[in-house]
Each structure stands twice: as structure tokens, then as C-alpha cells.
Amino acid sequence: MDNQLLRTPEFITYASTQQSCDLAIQHGATHIILEDPLLSIRSWHTEQYTSFSNLNFLISYLKTTYPSIIISIQCDIIMHAKHESLIDSFITFIHDQPIDYIRVQDSGLLILFNQKLSQINCIFLQEMGNANAESIQVYSRYSTRQSLSLDLPYKDIQLIQTKVSTSFDCLIQGKYLIQHSPRRFLAGLDPEVDSPEHIKSIHRIAQDEDYPGRRFVFLDNPHGHFMFAYFDRSLANYIPELISLNLSGWIIDARGESDDYLCRALSFYISHYHSYMQSSNDWHVQE
């Protein structure tokens, strides 16, 4: 390998409680994405809130207990008219909070936050599309970082990096979303869910009759219907390639999984990253 100046990637994961924050950080996470079911449409958190009091508590807790931890807020709502008052309340709440990033999926919200929360950096996370240098260059005007599209192959990422000067995160382990609709397709399975806005979430696993063993995961919550692939996205066999891309962050998404899944995944990627770096004398790490 040629000599390169590398940053140490942030090891990023999601948390929605004090306990999940502690667990992630104890197993090496350096960047926590805080979730609130009001704002995070794919949250598996079972408790629903009507205000941002839990977010306020978690931000304060992390800043007091782990002052070096990087904090993001997940706001991946695809905004509709019904969300206007929620977003206004969020802007008021987050304006003076000591966080590092807001993670945004809606391009209109990205521009709105850029205008009204210019003191807070945004990470743009359009999961489908945004897979070319021209698009990424445009969004870089409004975001400090971008999460790489899950459809981008390694060589395309390398090419984009030669054309656009911006920072990237990458989902390296976690569920692979293959369908989303704002409609609650599974609501009829539970008599308690009498309206799309009902706070109760529904979790189901279904097997493809034509392909026994392929078990698809479904999440149905007030933000709609989510279908995940029968396999996880995993880049465990591509540590050297991940390192060579010099990404800002490696994301491990263990939402909907066990604590053991989270701990094992964090430990695996962190240990293999350090083992690979120690075995290669050609890398110079920028802390």
C-alpha cells in the first residue's frame, strides 16, 4: 500500500435510552445517534413520547458522563404537511442543544435546517439515489457529511471521492431496508391500532413460501410500514477496503436486535480495524 494519511473512523451506533448509550460506549462506540420515535421513523423503541424530554435528558447525560462522545440526532422523517408543527417544535428545542449533528433524510428539511439551525452541522442520509458525484456535490452545500447510498459499489465511491471534497459515513452492519410506505399495512393485524397515528408498533417476521428460510422482518409504526431483507448488510469481510476509503464513520445499526448483537458487532469491527492497522506499516493515522 502507498503511504496515506488516515483519520480514525468514528464507530457509530444508535441509542434511545441511558442503558443503551452506556452499553454502546462501553463496547467502543465513539459516536451515538440518539433516537426519538417522534423524529426517527425506523425506531424500534417501544415507548412513545409527546415531547423531547427524553432527548433532552439523553443529551445532558451524554455530555456530563461522556464529554468526548459525538452526538447526532436522528431526524429521518420524510416531511408531510402534518409534520410542520413537530419540526417547528424540534427546531426550537434543538437550537441551543450541545449536539454535533442532525441526521436528515428529507432534502427539503436539509435546506430548512441549514437556514434555521446554521450553528448545527447536518449529515445527509438519502439511502436510495444520491449515487453520483454531481448529486453529492449539490448536497454538500447544505451538509457537512453524507451517508453513502447502500447501492454504491467500492470503485464508484473511490471515483466520487476524487471529484467531491466531503466526508462520508457508511452503514457497515445492520438491517437492509427494502420497502417503506407511510401507510400502516399491518395495522389490521392488531385491533388496538385503530388509526394510522396510533402509537403502538407491530413487529412481524414472514417467510417466503417459494424460498423456505428467507425470513423477512416487518416493522409497522406511526410512521408507516417498513420491510427489511432476509439478510443483514455486513461488510465484515471488507475491512481493508473500508479502511482505504478513509471514511468519517462506520455505522453499526443494531436497532431491533439484541444487546448481544450490538456488542459483538462493535467489538468485531473495532478489534479488526485496530488489528489491521497494527499489521500494516504503510498507514499513518490522523487522530
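**Note on helix packing and the nonpolar core**

1. I87, F90 and I91 of α3 are in contact (heavy atoms within 4.5 Å) with L109, L112, F113 and K116 of α4. Helices here are DSSP runs of H or I, at least four residues, and strands are runs of E, at least two, numbered from the N terminus. The model is predicted: local features need pLDDT of at least 70 and side-chain atom pairs pLDDT 80 or more, while totals for chains, interfaces and linings use all residues. Residues count from 1 along each chain as its sequence is written, and side-chain values use heavy atoms, without hydrogens and water.

2. The axes of α3 and α4 (residues 107–116) are 11 Å apart, at an angle of about 35 degrees. Axes are lines fitted to C-alpha atoms over the stretch in contact, with angles from 0 to 180 degrees between N-to-C directions.

3. The largest nonpolar core has 75 residues; I32, L34, F90, I94, I102, F113 and W250 have the most contacts inside it. Helix α8 (residues 259–279) gives the most to this core, nine residues. Such a core joins buried Ala, Val, Leu, Ile, Met, Phe, Trp, Tyr and Cys through side-chain atoms within 4.5 Å; buried means under 20% relative accessible area (1.4 Å probe, protein chains only).

4. L34 touches, among others, L55, L58, I59 and L62, not counting residues up to four places away in sequence.

5. In α2, the buried residues are N54, L55, L58, I59, Y61 and L62. They fall within an arc of 165 degrees seen down the axis (directions from the axis to the C-beta atoms), so they line one face of the helix. These residues pack against α1 (18–26), β3 (31–34), β4 (70–75) and α3 (84–94).

Note on methods: Buried means under 20% relative accessible area, exposed over 50%, partly exposed in between (1.4 Å probe, protein chains only).
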